[in-house]
Each structure stands twice: as structure tokens, then as C-alpha cells.
Amino acid sequence: MPKRKVNNLDGVLFFFLIISIFFYPYLQTNLFSQDSFAYEKLRTPKIALVLSGGGARGLAQIGAIKEFEKAGIKFDYIVGTSIGAIIGGLYSSGYSASEIESIVLNANWEEILSLTDEHLRSYYFLDQKEINDRNFLTFRFNDFKFVIPEGISSQQKYHQFLQELIYKAPYQAYGDFDNLKYPFRAVATDLVSGRSVSFSKGNLLLAMKASSTIPLVNNPVKMDSMIFVDGGIFQNIPVEAAMELNPDIIITINTISELQQSDDLNNALNVADQVLSVLMKKFSDKSSALTDFLITPELERHRNSDFSNIQHLINAGSVAASQYIDRIKTKIIRYSDSLNDLSSNQFNNPPMNPSILEDIKLSGDYEHLDELYSELIKSFKSLEYDIELQKEILEKVLKFTRRSQDIIYINSYFFNHLTKILELDIRKIKIRDINIQGNTSVRDFIIRRELEFKKDHALNISKLNKSWENLISTGYFSDVIISYSKPDEESMSIVTVEVHEIGTQLINIGARVDNERNFRGNLDIVIDNLFTAGSKINLRLLGGNRNLYSHINFSYPRILSTFLTSKVSFYFDRTNIYNYIENQTNTINNYENIIKDESIFDRFGLKTTFGAQIEKKGLLYVELRFERQRVYDINIQDKLPYHSVHTFKVGATFDTEEKTHFPKKGRLLLLSLESSLLQTPDNVGFSKLLFYYHSNLSFDSHTIKPKLYFGLADASLPITESFFLGGEESFFGMREDEFKGRQIALASLEYRLLSPISLVFDTYISLRYDLGTVWAQPEEIKFLRFRHGIGASISIDTPIGPTKFSLGRAFYLKQNPAISVWGPLMFYFSIGAKL
């Protein structure tokens with residue numbers, strides 16, 4: 001019988017048969033799959049964690065989650081309302097309970113939840129700080145139509161706090177909350193439709209804000225035609241939203257407060273809150289009946305708004321959850337047994353060839369691949385590679401790379417079952433394009449110049465945050481959302497900058513009452529983004545019975561895309577100044593200065609300023625001043641003629657104080673050198689040097705404020721340009737501007753304590769020591785002429801500015817005889833900001 005000829009096809013089939021037999025155990029597991037393994041694990045029930053509202057009380061949820069982590073209880077879904085949406089959103093994004101605990105313990109809640117924008121001061125340029133510092137009330141207009149405020153607070157610090165945490169989170173949603181470590185839902189209330197909405201997609205930050213926005217207090221979150229506020233109105237315990245996910249077990253942590261007692265219903269605010277709480281309780285009771293486990297920490301009567309004693313709240317959550325751990329585990333085991341009994345043939349197959357991780361191969365443009373490799377090998381080498389280990393490795397990579405400010409993406413990963421090597425490609429996310437949305441009156445170039453990132457640059461967390469600060473600081477927008485898309489195969493992402501414009505015409509009002517100048521009112525009218533070119537007009541009127549000031553400024557805070565700035569100012573200033581003389585007393589160790597007469601300083605003119613902004617911290621500038629001025633006695637009918645003052649000034653201002661009133665950190669530095677510009681018959685020529693510095697050094701509730709002030713001028717300095725000393729803010733024991741001269745030296749040291757007992761608002765107690773004086777001529781400078789001032793103040797940080805009451809006394813030292821000579825005890829009071 002002739003032999004059959006073996007053709008090429010037979011050879012190929014025979015080769016594949018041998019390969020299939022030899023490698024069968026590997027081929028059956030999809031050799032290079034990212035998510036396939038040698039065997040399937042036993043089925044477990046799907047568990048949903050429901051987190052209620054409750055304000056500060058909700059921080060107890062962190063302690064409960066810590067107990068679940070210790071017990072090895074893992075969740076398949078997380079649903080939250082209000083504070084529960086914040087805790088749940090962070091936990092779903094990959095933060096551990098301990099990490100969230102550290103975040104809330106170290107957060108400055110007073111600043112984050114402040115109802116004013118005072119804590120945003122560091123965002124602004126100097127001219128913005130000046131206007132904001134002297135006013136307490138703002139009316140905003142859009143196209144000269146009044147814009148009704150939607151809430152007391154803009155929540156900008158709160159927005160920034162959450163935004164930075166989301167940027168730094170290991171897991172990113174990329175528009176779908178199922179992409180997070182745990183699929184997440186945030187529940188909010190839509191005021192338009194009057195129903196609850198469970199967010200599963202969109203911007204995670206907006207969803208968390210919408211769920212926790214307190215009506216009337218915070219601006220509502222707008223999306224398309226919907227307007228969202230706190231989800232607790234209808235679902236303070238959002239079990240119904242969790243049931244939509246069809247979990248097998250629902251565990252609920254309830255931190256909502258009980259109804260107030262009758263003795264608490266003693267004011268309109270508490271009564272209104274009680275009415276809302278009664279309505280919410282009806283829905284909450286219904287929701288509570290639908291959960292499998294309802295854990296209610298014992299928080300006594302801790303108020304929703306009280307973010308003190310946080311560790312106590314967290315501990316209470318731990319205690320409450322620990323009492324349920326055994327019952328929860330028992331239910332999980334029973335449910336697991338039930339699920340696996342129903343499908344035992346499918347899930348009880350033992351692993352055929354479990355794979356052991358032998359090595360990890362890293363590639364990509366991440367700078368710290370060597371350090372990351374060492375961490376991964378140390379933690380995971382020689383362990384059995386399954387889906388749980390894969391999740392642990394990927395999460396460790398994500399958390400490790402978040403140490404960098406650059407945003408990193410795991411572009412691809414797969415495990416080779418033949419070589420036992422896990423390959424990871426880790427890359428920086430780069431910007432493919434930048435989309436601007438929402439602007440109608442603000443030009444694109446104004447928005448783009450504020451962005452710290454550019455096309456083809458790597459996405460960087462600090463640059464994203466700084467860009468947000470820059471845009472908010474323009475004052476053109478009520479809200480700014482900067483998000484980025486899921487990277488494509490080239491690790492490129494599209495950044496979207498969505499802005500919400502607000503009116504740029506403002507009327508700002510300030511006022512002050514004090515014992516020196518009685519009542520003064522201030523009005524600033526500002527037209528921002530004039531001609532949509534980023535320019536500004538400011539008309540200011542300041543008046544009282546002892547002074548009158550007005551100006552109109554036209555300025556470019558930023559010229560094109562540079563940090564150069566320019567301003568032209570026309571002004572008029574009339575100020576009454578008392579002149580004092582020393583009155584002899586009956587005792588050798590006492591003196592008293594009394595009012596001799598009163599002078600009026602008149603001036604008007606033009607100033608042009610050109611400078612360079614030093615970020616938001618300072619300004620280097622040159623200034624030309626063309627001014628007419630005079631001084632005359634208030635009782636003399638024949639007023640002296642005006643004379644000219646034309647000067648050229650070079651100066652620098654640095655202001656890094658984080659708050660207008662009672663700052664805890666930052667400093668103020670003023671430097672200037674001014675000299676006459678033109679020599680004309682009626683022009684007074686002089687030169688003048690000024691140095692001023694103070695700083696704030698704080699620890700806990702204590703603040704130390706040292707201050708230095710020096711000024712020098714030549715003998716031709718006119719009295720209208722004098723250095724002045726005296727007053728509550730300047731020198732204790734003296735009246736305002738009691739001393740005037742051509743040279744000044746002043747050093748002060750102030751200690752301030754935030755009192756544990758507040759008089760409605762934050763209350764401060766301060767002590768200050770002053771040392772200094774002024775001289776008419778340089779040759780008169782002698783240490784013995786220095787005055788000493790000591791005083792104490794009680795200050796209340798009210799919404800209209802500080803209310804301050806002070807007592808102070810001055811003295812000086814005398815040689816013959818060697819005694820201290822004391823002035824009278826001075827009482828001061830002031831209400832409102834410095835004008």
C-alpha cells in the first residue's frame with residue numbers, strides 16, 4: 001500500500017495539536033487577558049453601604065467604615081446624601097477610612113465652611129484686596145440689572161477643598177461613577193421638578209456639592225435646566241437610591257440629628273429648622289425600615305454645624321459599628337452559602353494551575369518607575385496572582401503615583417501566565433486640547449491667560465488648582481469647573497474649563513464709627529471687564545464730618561497676557577487734623593496733650609501708576625503724581641493758596657495676609673522712595689523714604705504680631721506730607737495723628753488670643769507694647785525722646801467688620817530726675833473696617 005503523502009496543512013494541524021496539549025492549562029485562562037484567572041472564586045452577596053446626612057455628625061461614618069475595614073467587610077456600592085455623599089465619594093475614590101480621618105482632623109473647617117469670602121483674600125491682586133478690605137456689603141449687577149443672591153455663601157473654599165481631594169484621589173470617575181473603586185451614587189434634590197435625583201454620571205465634584213448644598217445658605221448647583229440642593233430634603237437616609245442597584249444586603253449608617261427639644265425652639269431660626277426637620281423625618285423613618293442593618297452612633301445632641309471634637313464623633317461611629325460586625329458577617333456567610341449551594345457545580349472547581357507572580361515589568365514616562373518597582377516587588381512577589389491581587393497591585397500603583405503632582409494613568413496592564421510577569425505601562429496624562437465653555441461676555445483669551453497649563457503639557461494637580469484660583473480671583477465668575485476626560489490610547493486628555501459668569505458691575509458699601517472721626521461711610525462703584533477687555537473703572541466716595549475723599553480710577557489689572565499693570569487716578573482729598581500741645585499738670589510724673597486748634601489738609605490731582613504684579617502677593621511700581629495742595633486753619637476765613645507737588649515714586653508692596661481682620665499668618669511690607677519731579681516756582685521739592693513691615697506668627701489660638709515703621713525726609717517736606725503717629729491702631733496712649741514730623745520710628749509687639757468665650761462672634765483679647773516717636777529734624781533724633789505705649793483690647797469679629805474696645809496709656813522716661821512721665825488713660829472704640 002503506498003504511503004500517504006503528508007501535506008503542509010497536516011503538518012500545521014499536528015503542530016497546533018501538540019501545542020494545545022502542552023499549553024492547555026494556560027490557554028484555557030486567556031493567556032494575556034487583563035482580568036482572567038485560572039479559576040473563579042466563590043460568589044458573595046452584593047453589599048450596599050448607605051451613608052445619611054447629618055452635617056458634622058456625619059463624620060462619625062468614618063469610624064464605622066474603619067470598623068468594616070478591620071473586619072474585612074467590603075462593599076459593592078456606596079450611596080450617600082449630604083455629608084454622606086462627601087464621605088462616600090472620597091471612600092469610593094480610593095481613600096481609606098484612615099486617610100479620610102486624617103483629612104477631616106487636619107482640615108480648617110472654620111475656613112472651609114466660612115459664609116464670607118474673607119478667606120479667599122490670598123487669591124486676589126492688591127487693588128482687589130484694597131476694595132474688599134474696606135467694604136462689608138456688595139450688590140452685584142449684570143448689564144446694570146440687579147443680580148439677586150442665591151445664597152449667603154459662594155462655597156469657594158469648600159469647592160477648592162473637595163476639588164483638590166478629587167484630583168489627588170487614586171480612582172477617577174471620568175464621567176461615570178461606576179469607574180470608581182466602588183460604584184457610587186450621590187443623592188440631591190432638584191428644586192425644579194421637586195424630586196430626588198441619584199447621580200451616577202457626570203462631574204463627581206458637582207454631584208458631591210449638589211448633594212450637600214444647604215438651601216439659602218449656599219448657592220445651589222445648576223446643571224442644564226435643573227437646580228440642585230441638599231439631598232436630605234427627601235432622602236436624608238437614601239436607602240431607596242441604594243435599592244435601585246439591586247444589592248443583596250444594605251448596611252446604613254444613620255447620623256441625622258433628632259428633633260430639637262422644646263427649650264431649643266426659642267428663636268425663629270431654630271423653629272424654621274425644626275419645621276424642615278419634621279418634614280424630613282417622615283421620609284427618613286420610611287427609609288430606615290427598608291435597610292437590613294441600621295447603625296446609629298450615639299452622638300447625643302451634637303449639632304450639625306459643630307465641627308469641633310471630631311475625634312469623639314469618629315470614635316462614636318466605631319463603637320456603634322463594632323456592635324454590628326458579627327451580625328453582618330453572619331448574614332454575609334449565610335447569603336454566600338445560599339448563593340453557592342444554588343450553583344455549586346459551577347463554582348467549586350479547584351484551580352488547576354494557580355499562577356505565582358515572579359516579576360513586574362514597568363514602562364512609560366513616569367519618573368519614579370525604579371522606586372515604584374521596588375515597592376511592588378517587596379509587597380507582591382511570589383504571591384498567587386488572582387483578581388484580588390491584581391486590584392491590590394493596581395491600587396498601590398495609583399496611590400504611589402499620586403505622590404507626584406503630575407496626574408498619572410495606567411495605560412495598559414496584563415499578566416503573562418507563561419513567564420509569570422505582570423507588565424504595566426504607566427504614563428503621564430498630557431493635554432490634547434483645552435475647551436472653554438459657558439463664557440459669553442468674557443473673552444476666551446482672558447480665561448486662557450489665567451490657565452497655568454497649556455496644550456501638550458502634562459496634567460498637573462497644582463497647576464489645575466492654581467488655574468481655578470486665578471479664574472475665581474478675576475471676580476468674573478461665580479463658579480469654575482476644570483475637568484479632564486478619560487485618556488485615549490496615547491494617554492492624551494481633553495481639559496474642559498466650564499465657567500459661570502456673574503455680573504461685573506458692583507456697588508460696595510463700607511462704614512466705620514470710632515471715637516476719633518465719628519461716623520464715616522464708604523461707597524465703591526466698580527465696573528469690571530470694561531469693554532470685555534479686562535479693564536476696570538472704580539469710583540470711590542468716602543465721607544464723614546471730619547474728612548471727604550473721592551477718586552475715579554481707570555486701570556488694567558493685567559495688560560494682555562502679562563502681569564504688567566497700569567492705573568490712572570483722579571482724586572480729591574480733604575482731611576481735618578487736630579493740632580495738639582502739651583498741657584502742664586500739677587504732678588511731675590504726669591502729662592497731658594490737649595487740642596490747640598484744627599487744620600484742614602486739601603489736595604487734588606492726578607496719579608499714574610505702572611507696575612508688575614508679583615503673583616497675587618505684591619506689586620513693584622513707579623508712580624507719577626501731579627497734585628495741588630494746601631493747609632489752613634479751620635477758623636481762618638482767608639484760606640491759603642494752593643501749591644504744587646509733582647513727584648516720582650518707586651515702591652514695592654507685598655501683602656500675604658490670608659484674612660482682612662485678625663489674620664493668623666502672612667505679612668505686609670511697604671517700601672517707597674519719593675522725590676520731586678519738576679522744579680517750578682510753586683512746586684515744593686522734597687525727598688521721602690518709607691519702610692513699614694508687620695507679620696503674623698500663630699500657634700493654636702495665639703498670634704504674635706511684630707511691627708516696624710521707619711520714615712525719613714528732608715527739611716523741605718511740607719506738613720501735608722508728614723509722618724503721623726497716634727491712635728488705636730498706631731500708638732496707645734495717643735489720639736489719632738497726635739504727633740507729626742519729618743522722621744518717624746516705631747516698633748510694636750502685639751499678642752492676640754482667640755478667646756474660648758465668644759460674644760456671639762469670634763472674640764479676641766490682645767495686648768500691645770509700642771515704642772517710637774517722630775522728629776521735625778534729623779538732628780533731634782534721641783532715644784530719650786521715644787514714647788512708650790501699652791494697651792489692651794477686646795475685639796469682636798462681626799460681619800460688618802471688627803468691633804473693638806481698647807484702653808491705652810503712654811509714657812516717656814526723664815533723666816533729671818530719673819522718672820517715668822505718664823500720659824492720661826485713653827479709651828478707644830471702633831466699629832467697622834479701616835477706611
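## Reading salt bridges, domains and burial

Q: Which residue forms a salt bridge with Asp 479, and how far apart are the closest N and O atoms?
A: A salt bridge is a side-chain nitrogen of Lys or Arg within 4 Å of a carboxyl oxygen of Asp or Glu. Here Asp 479 forms one with Lys 209, and the closest N and O atoms are 3.6 Å apart. Bear in mind that this is a predicted model: local features need pLDDT of at least 70, side-chain atom pairs count only at pLDDT 80 or more, and totals for chains, interfaces and linings use all residues. Residues are numbered from 1 along each chain as its sequence is written, and side-chain values use heavy atoms, leaving out hydrogens and water.

Q: Let me step back to the domains. What does the domain assignment give?
A: Domain bounds come from an automatic or database assignment. In this chain they are domain 1 (47-115 + 152-340), domain 2 (356-428), domain 3 (430-501) and domain 4 (505-832).

Q: How do I read the interface of domain 1 and domain 3, and how many residues are in contact?
A: Start with contacts, meaning heavy atoms within 4.5 Å: 14 residues of domain 1 touch 17 residues of domain 3. Then look at buried area, the accessible area (1.4 Å probe) that two parts lose on being put together, summed over both. For this pair that is about 1,400 Å², with 55% from carbon and sulfur atoms. On the domain 1 side, Gln 156, Tyr 167 and Tyr 174 lose the most area to domain 3, together 46% of what that side buries. The count between these two domains is 1 salt bridge.

Q: How many salt bridges does the whole structure have, and what do Arg 121 and Asp 133 tie together?
A: The whole structure has 38. Arg 121 and Asp 133 meet at 2.8 Å, N to O. Arg 121 lies in the loop between helix 6 (109-112) and helix 7 (126-133), and Asp 133 in helix 7, so the pair joins parts 12 residues apart in sequence.

Q: Which salt bridge pairs link distant parts of the chain?
A: One is Lys 536 with Asp 127, at 3.0 Å from N to O. Lys 536 belongs to strand 19 (residues 535-544) and Asp 127 to helix 7, 409 residues apart. Another is Arg 558 with Glu 450, at 3.2 Å from N to O. Arg 558 sits in the loop between strand 20 and strand 21 (564-583), and Glu 450 in the loop between helix 18 (444-449) and helix 19 (461-473), 108 residues apart.

Q: Are Lys 536 and Asp 127 buried or partly exposed?
A: Buried means under 20% relative accessible area, exposed over 50%, and partly exposed in between (1.4 Å probe, protein chains only). Lys 536 counts as buried because its relative accessibility is 5%, while Asp 127 is partly exposed at 21%. Arg 558 and Glu 450 are both buried.

Q: Where does Tyr 549 lie, and which residues does it touch?
A: Tyr 549 is in strand 20 (residues 547-556), and at 19% relative accessible area it is buried. Setting aside residues up to four places away in sequence, Tyr 549 touches Arg 540, Leu 541, Leu 542, Tyr 571, Phe 572 and Asp 573. Tyr 549 and Asp 573 are 24 residues apart in sequence, yet their C-alpha atoms are 4.4 Å apart.

Methods
Helices (H or I, at least four residues) and strands (E, at least two) are DSSP runs, numbered from the N terminus.
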